[in-house]
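Here is a report on a single protein chain. Have a look at the sequence and the model before reading on.

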Amino acid sequence: MTAEGLPHVELYTDGACSGNPGPGGWAYILKHAASDSEKEGSGGDGDTTNNRMELMAVIRGLEALSKPTRVDLYSDSQYVLNGLKSWMASWKKRGWKTASKQPVKNQDLWMRLDELMATHTLSFHWIRGHNDHPENERADRLAVAARDAAAR
């Protein structure tokens, strides 16, 4: 099936962390284009990093999809978007090593994203954080609430 024949969603993600490392939260919002329905999720970790939470938001959003889907991913994280668009292919070719031959940070999460990208067709969109984008602001509020809950 071509990407055009797949169901289509918009996935908005965000991560939050107090301290780095420290308590963190992640959140996603899935908007299904055809049905106008939405689904959201969030969670936290008591000892994590901001980058791990940004990655977890994307992972959990993609895992919430029950079948191959065309996904427009919206994130304010250049780390996530650059990693998915270009860095990951090079890391894989080098056996999950960086250009300086160091192990890739958060390799477990990048490997999970690699698996999910084999199922779904992704397009990447950067959103400036804290710039009054409704879904990004909502994902941020959900991630901060999950971070605060993880800190308790």
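## Aromatic cluster

Ring pairs link Tyr79, Trp87, Trp91 and Trp110 into a cluster. Rings of Phe, Tyr and Trp (its six-membered ring) pair if their centres lie within 6.5 Å; planes under 30 degrees apart count as stacked, over 60 as edge-to-face and the rest as tilted. By this rule there are 6 aromatic pairs. In the pair of tyrosine 79 and tryptophan 110, the ring centres lie 5.4 Å apart and the planes meet at 70 degrees, so this pair is edge-to-face. Tyrosine 79 belongs to helix 2 and tryptophan 110 to helix 3, so the pair ties together parts that are 31 residues apart in sequence. Helices (H or I, at least four residues) and strands (E, at least two) are DSSP runs, numbered from the N terminus.

Tryptophan 91 and tryptophan 110 also pair edge-to-face, at 5.1 Å centre to centre with 70 degrees between the planes. This pair links distant parts of the chain: tryptophan 91 is in helix 2, tryptophan 110 in helix 3, and they are 19 residues apart. Both tyrosine 79 and tryptophan 110 are buried. Tryptophan 91 is buried too. Buried means under 20% relative accessible area, exposed over 50%, and partly exposed in between (1.4 Å probe, protein chains only).

## Model and numbering

This is a predicted model: local features need pLDDT of at least 70, side-chain atom pairs count only at pLDDT 80 or more, and totals for chains, interfaces and linings use all residues. Residues are numbered from 1 along each chain as its sequence is written, and side-chain values use heavy atoms, with hydrogens and water left out.

## Overall fold

The chain has 4 helices and 5 strands. From the N terminus on, the elements run β-β-β-α-β-α-α-β-α. The C-alpha trace spans about 40 × 40 × 25 Å along its principal axes. With 152 residues, a compact globule would have a radius of gyration near 15 Å; the chain has 15 Å, which agrees. That radius is taken over C-alpha atoms, and the globule rule is 2.2 Å times the number of residues to the power 0.38.

Of the 152 residues, 43% count as buried. The chain exposes about 7,800 Å², and carbon and sulfur atoms supply 47% of it. Accessible areas come from the Shrake-Rupley method with a 1.4 Å probe; for residues, only the protein chains shown count as cover. Among contacts between residues at least 6 apart in sequence, 68% join residues at least 24 apart. Contact means heavy atoms within 4.5 Å.

## Nonpolar cores

In soluble globular proteins, nonpolar side chains tend to be buried together. A nonpolar core is a set of buried Ala, Val, Leu, Ile, Met, Phe, Trp, Tyr and Cys residues joined through side-chain atoms within 4.5 Å. Of the 28 residues in the largest core here, Leu62, Trp110 and Leu113 touch the most other members. Strand 1 (8–17), strand 2 (22–32), helix 1, strand 4 (70–75), helix 2 and helix 3 each supply at least two residues of this core. Its largest share, 7 residues, comes from helix 1.

Leucine 113 touches Leu55, Val58, Ile59, Leu62 and Leu84, not counting residues up to four places away in sequence. A second, separate core has 5 residues, among them Ile29, Tyr74, Ile127 and Ala139.

## Salt bridges

The structure holds 10 salt bridges. Each is a side-chain nitrogen of Lys or Arg within 4 Å of a carboxyl oxygen of Asp or Glu. Arginine 52 and aspartate 108 form one, at 2.9 Å from N to O. Arginine 52 lies in helix 1 (residues 50–63) and aspartate 108 in helix 3 (residues 107–119), so the pair ties together parts that are 56 residues apart in sequence. Arginine 52 is partly exposed at 24%, and aspartate 108 is partly exposed at 46%.

Lysine 92 bridges to aspartate 114, with the closest N and O atoms 3.0 Å apart. Lysine 92 sits in helix 2 (residues 78–93) and aspartate 114 in helix 3, so this pair ties together parts that are 22 residues apart in sequence. Salt bridges that share partners join Lys31, Glu38, Glu40, Glu135 and Arg138 into one network. Within it, the side chains of glutamate 38 and lysine 31 meet at 3.8 Å, N to O. Glutamate 38 is partly exposed at 41% relative accessibility, and lysine 31 is partly exposed at 22%.
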